[in-house]
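Good morning, and thank you for making time for this item.

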Amino acid sequence: MTSAISRAPSRRDRPGPKLALLAFTQLIVALDYNIVYVALPDIGAALGFSAQSVQWVVSAYAIGLGGLLLLGGRIVDKLGPRGVFVTGLALYGVASLAGGLATHAGLLIAARAVQGAGGALLTPATLALIYRGFAEGPLRNRALGAWGMAGSAGLAAGSLLGGVLTSYLGWEWVFFVNVPLAAGAALAALRLLPADPRRSSRLAGFDVPGAVLATAGATLLVLGLAGGPEAGWATVRGAGSLVAGAALLGLLLLVESRSRDPLIPLRLLRQRGLATTMAVIAIFQATLGGGYYVLTSYLQPVLGYSALQAGLTFLPLTLVCMAAAMKAAPVLLGRWGIRTTLSAGMFGTGLGIAVLIAGTPIDGGFWTLLPGSVIWGFFGGVAFVALFAAAGAGVASQEQGVASGLASTAKEVGGAMGLAVFVAVATAGLTAAPASPPQVLSGLQAAAWAAAAVTALGGLIALLLKPSQEGTSR
């Protein structure tokens, strides 16, 4: 009797509640991504942002997140994922409260940067907990499917909830809503997640030069990509930041090759699996951001949809993506393996974008967009889960944090780069002010065809993954 009781699983040993918490945390992060966009006009009017500067409400978060992901990933490996997970949630919640209470533009931008820093701790900690808590194979695939489904749900809820909160309670509530969510998740983490292992001198030999170079280099790179369209690519903020960031990251590789305990073990970058995954995830996020920009610009400036109508038009894409991530992706990973599933997901995503843009005539609408939305949503959900399955495949437990940090950094840099490139393509031929809807549509279609082609290229690159990264359950 005693032995039976002693073998009874504790709350922390049960995978279900732990996975629910990790998925819920991804929902919080994804919710914030879309919820802020809807409130930008009200935020700009209330805090005195100009039409050009209001984008810094989004860019400040991207810079804080993208600049600190590598450091956050290594901190996870050094200190343990649970403590970093809770700290990231605390930063996220406090910064959200400060953002809602902000009385001028500078305070809100600073709060968003700190919120990004919280995300830079939270993202690699969440992925490390999935990689360490669920064995590679079917268990991990199902866990990543639930995590990806929660992210898609957050994106869907963000568009709708942002409109409701802004309309009825004020723009401040797109930030305040994060506070109870983050606090609840942090308290649940203390009860559900296993304690971090005790280690002596956890930060002994920590690579301070590498941390400084990685943070500064990644921050400048994202700053250049985010600021270039507004300030101009030939400016210090545009090309200057990009050149300086690339130079610091190059210096980082030199420093890491000589460090005894590097921030980024270079053998990880030499692994074909992780390097290939980073390239494909950068392409995936680049074309995702470009595709969302094209679809939003088609619905509102061209068709004249309201923000709520546009949000509802996104629902089929998002709902199909959720179902594919939760149900289809784990099954396909088990049958086909990572390489084939990821390649098929990328090719299918490119096809979905192509079908979507074929359904954008000047007099189109919801029904002409539906076939492309369904195809894009299905294969995009499969590709997203496969990408993060690939990022953690074959990586040692003590390096899962930095591996997820590298993959997440590639995702953020790819997203910033893709948005800059596809916006430039979409607006290249617009000389009249304001441009007519047919002119706008012509540029958007050119950008979307380019995004479809680049996504297909990602499918070819995915085939460089090792054949050994195939399914085990045939």
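This is a predicted model: local features need pLDDT of at least 70, side-chain atom pairs count only at pLDDT 80 or more; totals for chains, interfaces and linings use all residues.

Let me begin with the helices. Helix α4 covers residues 81–101 and helix α5 covers residues 105–133. How do their axes cross? They come within 7 Å of each other, at an angle of roughly 155°. Because angles over 145 degrees count as roughly antiparallel, α4 is roughly antiparallel to α5. As to handedness, the crossing of α4 and α5 is left-handed.

While we are on helix α5, please find G119, which belongs to this helix. Is G119 buried or exposed? Its relative accessibility is 0%, so G119 counts as buried.

I turn now to the charged side chains. In general, side chains of opposite charge can pair when their charged atoms come close. How many salt bridges does the structure hold? There are 4, and I shall discuss some of them.

Consider R74 and D77. These two residues form a salt bridge in which the closest N and O atoms are 3.6 Å apart. Both lie in helix α3, residues 56–79, and since they are 3 residues apart there, about one helical turn separates them. R74 has a relative accessibility of 9% and therefore counts as buried. D77, with a relative accessible area of 5%, is buried as well.

D77 has a further partner, namely R132, and here the closest N and O atoms are 3.1 Å apart. R132 counts as partly exposed, at 28% relative accessibility. Taken together, R74, D77 and R132 are linked in a network of salt bridges.

Another salt bridge joins R140 to E136, with the closest N and O atoms 4.0 Å apart. R140 counts as buried, because its relative accessibility is 6%.

Next, the surface. Which residues make the nonpolar patch? V164, Y168, L169 and W173 make it, and its area is about 470 Å². One of these, W173, lies in helix α7, which spans residues 173–176. The relative accessible area of W173 is 38%, so this residue is partly exposed.

W147 is found in helix α6, residues 138–168. At 4% relative accessibility, W147 counts as buried.

I close with the two pairs of positions. How far apart are W147 and S257, C-alpha to C-alpha? They are 34 Å apart in space, and 110 residues apart in sequence. For G119 and L242, the separation is 123 residues in sequence and 23 Å in space, again C-alpha to C-alpha.

Thank you for your attention.

Methods
Residues are numbered from 1 along each chain as its sequence is written. Side-chain values use heavy atoms; hydrogens and water are left out. Patches are made of residues with over 30% relative accessible area and no salt bridge: like charges are joined within 9 Å, nonpolar side chains (Val, Leu, Ile, Met, Phe, Trp, Tyr) within 5 Å. Accessible areas come from the Shrake-Rupley method with a 1.4 Å probe; for residues, only the protein chains shown count as cover. A salt bridge is a side-chain nitrogen of Lys or Arg within 4 Å of a carboxyl oxygen of Asp or Glu. Helices (H or I, at least four residues) and strands (E, at least two) are DSSP runs, numbered from the N terminus. Buried means under 20% relative accessible area, exposed over 50%, partly exposed in between (1.4 Å probe, protein chains only). Axes are lines fitted to C-alpha atoms, for helices over the stretch in contact, and angles run from 0 to 180 degrees between N-to-C directions. Angles under 35 degrees count as roughly parallel, over 145 as roughly antiparallel, 65 to 115 as roughly perpendicular and the rest as oblique. A crossing is left-handed if the near helix is turned anticlockwise from the far one by less than a right angle, and right-handed if clockwise.
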